[in-house]
Amino acid sequence: MTEAFYITAADLAERGFENTPDELMSHRHMIYSSPATLDFNSPGAKGFGVKRAGLAIPGSVMLLVAPGCCGRNTALLNELGYNERFFYLLLDDTDIVTGRHLTKIPKACKEVCESLDYTPTAVMICITCVDALLGTDMERVCRKCEDETGVETVPAYMYALTREKRLPPMAGVRKSVYSLLKPQKRISNECNILGYFSHVHDDSELYDLLHSAGIKKVRELARCSTIEEYHELSRANFNLVINAEARYAAQDMEKRLGIPFIELTRMYRLDKIRNQYRLLGQALGAEFDDEKYYDSAKAVVEKFIAEHGNISAAVGECVNADSFELALALTEYGIKVSEIYGTVGERNFVFIKKLAQISPDTRIFSNLSPTMLNYERKTDIDVAIGVDAGYYHPDLPCAQFNTEEQPFGYEGVERLMEELDEALKKEEKK
Amino acid sequence: MKKFLRYISPLAPDDSGACSVLYELGGITVICDAGGCAGNVCGFDEPRWFTKKSALFSAGLRDMDAILGRDDRLVAKLALAQQQLERDFTAIVGTPVPAVIATDYKALERMAEKKTGVPCITVATDGTKLYDKGEEEAYLKLFKKFAEEKLPTEKGTAAVIGATPLDTGYITAERIVSAIKAEGYEEVKCIGFDSGLDEVKRISRFEKIFMISPAGIRAGKYLEEKFSLDVEVHGCPLPEEYIEKLKALEPKGRTLIVHQQMAANAVRDIIGGDAVCGTFFMLDSKAAREGDFHIADEEDFAEKAKGFDLIIGDISLKRALPEHKGDWFDLPHFAVSGRTFTK
């Protein structure tokens, strides 16, 4: 039986992205949805999959039009209080080959609206692989629904089949949730942060820095509790995109609403964070004074290294970071990264190349490889970072670092170090 | 409106049922999907996912695989997995995607067997039916493929078909085995539940075959015809604490039990009286009693549940009956709510 497949950072960097081994390319092998990966490997599974994300518009409801199997795990969201907002139109075997269900959707929408004692702000219609294959024109179906109900109706495409396409489901749903915004007069000192379905941590310096540059109002979808607040998002002078999955939504907002966008990357290397803020300041015509945030984060890192520096970590990808960038940052700080469980892509290959220079023996695994069924720890690891890494090493302290609220910037670095410190100290107390 | 759900989340689908039967048999099971169906199975419908490892994978289909019908790629991936994991058999479980493109499962089975060198079974589920239909087909395919010869009957042995977490609410077979042993059997095996492929292959050695959910009935009939085995419908053993609680229930006029047929039968045997069973799942004439009925959907449930004074069923169904004024006894059904008896 084959052991879990891995390749060292040095070997992978030498081969180059074009020659990445098949075992690390998910489209070239079966997909192992291990307990470690469930919350990111299914567009409708845990966390913010398409179904939950589609309900980000305040006061909206969702009609899932699909075979029963696609909506089965929605019951998980009931525990989060979503059960009053989900409705289902189940498809039978004739529907999925003839597409006859399309004529029933407007009636189902009407039934949704009539069953509520309030008028929803929008009905999100979530469709799945079946309609991807049938080539359903969902925009047209939505217009029919609007004629029937008078309520704005928006498609949300849960097309797992297109996950590696230009517009994967999680990028598509980001466009959907901003699609109800209407053009209005933009206010020069207001901006939006786009990227996640939860907001950035309140104590991120990003807010302070934006305010210092004269931005009076920073809005995020996740902070909108009413539809009126939601509509204020289109007043922004610009959008800050902090997750590439929101780029398509930002491009659409630029086209429809005239709101330009600036893209930032979440990073954990202090000098890179500083550099990015400098560039952001230039783009906004301001000079950010990030000294105190930089110094504070640097002090936290140094304190952590002084206390725990001689440790080895395993870094996963169910974590609020790019696993390779995070591994690189930790290595630069002096922590040994023995193993990484991540998805190699063109964009993060640059981190692998750098990692290869300073930590050539770091082993890179793919969470999705069937061989991970046989995973056994064969390196020295003191702490796991990420939910998935914690799954592989249940006997080790784990910093999950995977909250719904999002870390960003220096604050993210501090939070990571604090979580790591807490996990290690908890272990010491045992 | 038919097939419209306002209160209840979708019930466990047929692909989950098929995977549940295959889960512990030691093969490679491939869900022929893009990733979402596997996420539903592994993340919700398979409670053993977190306690027992199984080579259950998603085919990771992409749109062009489906549009162009690239079965050869699927088989190549399966062969790679078999090369890496060296299992006794492979199984391919259908989802809506192969149903839309009319995948030829028979051809897929032949191609897979040729390429991997081990037996393959395919279960033509499509995600639109309920779990028991998937289980039913999986059991039947397994016995047809692997139970080849009549072995000498071993006295005092019993096998149980239709025991999965979806049917029973257990994540191990312990309670079922002890309940059947208490009836005088020395050796009891639940097929695919704390037992492997060997018991499927040697099914004809058992003195008695019990079917504890409707999903096992067709396989039971097949075994009866092929090996002249002694098959019998049996109530699904309930946990001791539920039996005690049910015994303590005071008669409340008309009682409705909403569960899979054999679990409902077990409840009926405990509480006595003339309770009827209503089920969203298969209603088999062999197991059903007078007055039992099938429930087609939420609308039908609301209509047929009228006038009952006591309902025994999964509490998550209660939302669908806002006008029910009678009592409710919570009896978890994993295929409905995803709750086991142990959590």
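How many residues does the contact take from chain B, and how many from chain A? The contact takes 54 residues from chain B and 56 residues from chain A. Please keep in mind that this is a predicted model.

**Where the chains meet**

- On chain B, the side that touches chain A draws at least two residues from each of β1 (4-5), α1 (14-22), α2 (36-45), β3 (55-58), α3 (63-68), α4 (71-85) and α5 (96-100).
- With 9 residues, α2(B) gives the largest share of that side of chain B.
- By residue class, the side of chain B that touches chain A has 29 nonpolar, 15 polar and 10 charged residues.
- Strands also pair across the two chains: β3 of chain A (residues 86-90) and β1(B) run antiparallel to each other, over 2 bridges.
- Within that pairing, A:Leu89 has B:Phe4 of β1(B) as its bridge partner.

**The nonpolar core**

- In soluble globular proteins, nonpolar side chains tend to be buried together.
- Here the largest nonpolar core holds 255 residues, and those touching the most other members are A:Leu63, A:Ile125, B:Val30 and B:Val160.
- Leaving aside residues up to four places away in sequence, B:Val30 touches A:Met30 from chain A, along with B:Phe57, B:Ala59, B:Leu78, B:Thr90, B:Ala91, B:Ile92 and B:Val93.

**A parallel sheet in chain B**

- Chain B has an open sheet of 4 strands, paired in parallel and ordered β3-β2-β4-β5.
- Its edges are β3 and β5 (120-123) of chain B, each of which pairs on one side only.
- From one strand to the next, the twist averages 20°.
- Strand β4 of chain B (residues 90-93) joins β5(B) through 4 bridges in the parallel sense, and B:Val93 stands opposite B:Val123 of β5(B).
- Helix α6 of chain B (residues 105-116) packs on the sheet and touches β4 and β5 of chain B, with its direction at about 155° to that of β5(B).

**Chain A as a whole**

- Chain A contains 18 helices and 14 strands.
- Its C-alpha atoms fill a box of roughly 65 × 60 × 45 Å along the principal axes.
- The radius of gyration of chain A is 23 Å, which agrees with a compact globule, because such a globule of 430 residues would have a value near 22 Å.
- Buried residues account for 52% of the 430 residues in chain A.
- Of the contacts in chain A with a separation of 6 or more, 72% join residues 24 or more positions apart.

Methods:
Residues are numbered from 1 along each chain as its sequence is written. Chains are lettered from A and ligands numbered from 1 in the order in which they are written. This is a predicted model: local features need pLDDT of at least 70, side-chain atom pairs count only at pLDDT 80 or more; totals for chains, interfaces and linings use all residues. Two residues are in contact if their C-beta atoms, placed from the backbone, lie within 7 Å. Ala, Val, Leu, Ile, Met, Phe, Trp, Tyr, Cys and Pro count as nonpolar, Asp, Glu, Lys and Arg as charged, and the others, Gly among them, as polar. Two strands pair if DSSP finds at least two bridges between them. A nonpolar core is a set of buried Ala, Val, Leu, Ile, Met, Phe, Trp, Tyr and Cys residues joined through C-beta atoms within 7 Å. A residue is buried if 20 or more other C-beta atoms lie within 10 Å of its own, exposed if 12 or fewer, and partly exposed in between; C-beta atoms are placed from the backbone. Axes are lines fitted to C-alpha atoms, for helices over the stretch in contact, and angles run from 0 to 180 degrees between N-to-C directions. The radius of gyration is taken over C-alpha atoms; the globule rule is 2.2 Å times the number of residues to the power 0.38.
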